[in-house]
Amino acid sequence: MTFRKDFLWGGATAANQCEGAYDVDGRGLANVDLCPVGEDRLAVITGRQKMLDFDDDHFYPAKHSIDMYHRYKEDIKLFAEMGFGVYRFSIA
């Protein structure tokens, strides 16, 4: 199988994977920011356990993520270096 010459190669990110900056420029917390890793994760994402702020007992990967908020220009440049011509993203 071959791809047509005009096929567009690209990449994608989702806000919960990369955004970070929960406390910058008035963004505020999103649900995913408060979703911890570990045994309480399912209870939090299904609403059985309310998580309204960060605590010291859990690790929250989306709290800082890869901080694309501050590094988006560098990240998009990396996509271009890989030969990607399109980029799909979401924001929270």
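Helices (H or I, at least four residues) and strands (E, at least two) are DSSP runs, numbered from the N terminus. By that naming, α3 gives the largest share of the lining of the largest pocket, 4 residues. This is a predicted model, in which local features need pLDDT of at least 70 and side-chain atom pairs count only at pLDDT 80 or more, while totals for chains, interfaces and linings use all residues. Residues are numbered from 1 along each chain as its sequence is written, and side-chain values use heavy atoms, with hydrogens and water left out.

**The largest pocket**

- A pocket is found on a 1 Å grid over the protein atoms alone, as an open set of points with protein on both sides within 12 Å along at least five of seven lines; a cavity, by contrast, is a set of points where a 1.4 Å probe fits but cannot get out.
- Lining residues are those with an atom within 4 Å of a point.
- The volume of the largest pocket is about 220 Å³, where a volume is the space filled by probe spheres set on the points, and grid points are joined across faces, edges and corners.
- Its lining has 13 residues, and E19, M68, F89, S90 and I91 are the ones nearest the centre.
- Two or more lining residues come from each of the elements α1 and α3 (68-81).
- By type, the lining holds 9 nonpolar, 2 polar and 2 charged residues; Ala, Val, Leu, Ile, Met, Phe, Trp, Tyr, Cys and Pro count as nonpolar, Asp, Glu, Lys and Arg as charged, and the others, Gly among them, as polar.

- E19 sits in the loop between α1 (15-18) and α2 (41-45).
- With a relative accessible area of 10%, E19 is buried; buried means under 20%, exposed over 50% and partly exposed in between (1.4 Å probe, protein chains only).
- The side chains of E19 and R27 are joined by a polar contact of 2.8 Å.
- A polar contact is a pair of N or O atoms within 3.5 Å; within protein, one must be able to donate a hydrogen and the other to accept it, and residues adjacent in sequence count only if both atoms are side-chain atoms.
- Not counting residues up to four places away in sequence, E19 touches R27, S65, D67, M68, Y69, I91 and A92, contact being heavy atoms within 4.5 Å.

**Positive phi values**

- S65, which E19 touches, has a phi near 45 degrees, a positive value in a residue other than glycine.
- S65 is placed in the loop between α2 and α3, and at 24% relative accessibility it counts as partly exposed.
- D25 also is a residue other than glycine with a positive phi, near 55 degrees.
- D25 lies in the loop between α1 and α2 and counts as exposed, at 67% relative accessibility.

**The largest nonpolar core**

- A nonpolar core is a set of buried Ala, Val, Leu, Ile, Met, Phe, Trp, Tyr and Cys residues joined through side-chain atoms within 4.5 Å.
- The largest nonpolar core has 6 residues in all: Y22, L34, V44, M51, F54 and Y60.
- Leaving aside neighbours within four places in sequence, Y60 is in contact with D33, L34, C35, P36, M51, D53, F54 and D55.

**Distances in sequence and in space**

- R88 belongs to strand β2 (residues 86-88) and is partly exposed, with a relative accessible area of 45%.
- R88 and A14 are 74 residues apart in sequence and 8.5 Å apart in space, C-alpha to C-alpha.
- R88 touches G11, A12 and T13, not counting residues up to four places away in sequence.
- D23, in the loop between α1 and α2, is exposed at 55% relative accessible area.
- From D23 to K63 there are 40 residues in sequence and 9.1 Å in space, C-alpha to C-alpha.
- D57 is in the loop between α2 and α3 and is exposed, at 69% relative accessibility.
- D57 and G11 are 46 residues apart in sequence and 34 Å apart in space, C-alpha to C-alpha.
- L8 is in the segment before β1 (10-12) and counts as exposed at 58% relative accessibility.
- Between L8 and G47 lie 39 Å in space, C-alpha to C-alpha, and the two are 39 residues apart in sequence.
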